[in-house]
Amino acid sequence: MRVLLVTYALGDWISGGTLYNRRIAGTLAAGGAEVEVLALARPPYLLAPLERPDPRLARALSGAGGYDVVVVD
């Protein structure tokens, strides 16, 4: 199974959300899934509604990426 996990950049930043996403990706991979993480740039909060969608996300959601499941967090 191919899984795409879409999240904000995980990097070295540690928060409950990033730890959660890392754990989900690790658990899926341990279960045999092929997991790819699409880490989007975090826009300034007030500008987020004006930000253009990332073209990689649009491609993945269009089905062009060949993923069985797309998880957006």
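How far apart are the end C-alpha atoms of helix α1 (residues 16-30), and what should its 15 residues span? I start my notebook there.

**Ground rules.** I am working with a predicted model, where local features need pLDDT of at least 70, side-chain atom pairs count only at pLDDT 80 or more, and totals for chains, interfaces and linings use all residues. Residues are numbered from 1 along each chain as its sequence is written, and side-chain values use heavy atoms, with hydrogens and water left out. Helices (H or I, at least four residues) and strands (E, at least two) are DSSP runs, numbered from the N terminus.

**Entry 1: helix α1.** I took the expected span as 1.5 Å times one less than the number of residues. For α1 that gives 21 Å, and the end C-alpha atoms are 21 Å apart, which agrees.

Next I looked up burial. Buried means under 20% relative accessible area, exposed over 50%, and partly exposed in between (1.4 Å probe, protein chains only). In α1, I found T18, N21 and A25 buried. Seen down the helix axis, the buried residues fall within an arc of 65 degrees, so they line one face of α1. The arc is that of the directions from the helix axis to the C-beta atoms. I noted a general rule here: an α-helix has 3.6 residues a turn, so residues three or four places apart point the same way.

On the other side of α1, G16, Y20, R23, T27 and A30 are exposed. What covers the buried residues? β1 and β2 are among the elements that do. After α1 comes G32, with a positive phi near 100 degrees.

**Entry 2: the strands.** I moved on to β1. Five of its seven residues are buried, so β1 is largely enclosed by the rest of the structure. Two strands pair if DSSP finds at least two bridges between them. β1 and β2 run parallel and are joined by seven bridges. Here T7 stands opposite A39 in β2. β1 also pairs with strand β3 (residues 69-72), in the parallel sense, over four bridges. There V6 faces V72 of β3 as its opposite residue.

**Entry 3: salt bridges.** How many salt bridges does the whole structure hold? My search found two. A salt bridge is a side-chain nitrogen of Lys or Arg within 4 Å of a carboxyl oxygen of Asp or Glu. One joins E34 and R2, at 3.3 Å from N to O. E34 lies in strand β2 (residues 34-40) and R2 in strand β1 (residues 2-8), so this pair ties together parts 32 residues apart in sequence. E36 also forms a salt bridge with R2, with the closest N and O atoms 3.9 Å apart. E36 is in β2 and R2 in β1, so that pair ties together parts 34 residues apart in sequence. I wrote down R2, E34 and E36 as a network of salt bridges.

Are these residues buried or exposed? E34 is partly exposed at 47% relative accessible area. E36 is partly exposed at 38%. R2 is partly exposed at 26%.

**Entry 4: the core.** A nonpolar core is a set of buried Ala, Val, Leu, Ile, Met, Phe, Trp, Tyr and Cys residues joined through side-chain atoms within 4.5 Å. The largest has seven residues: L4, V6, L38, L40, L57, A60 and Y67.

Notes. Contact means heavy atoms within 4.5 Å.
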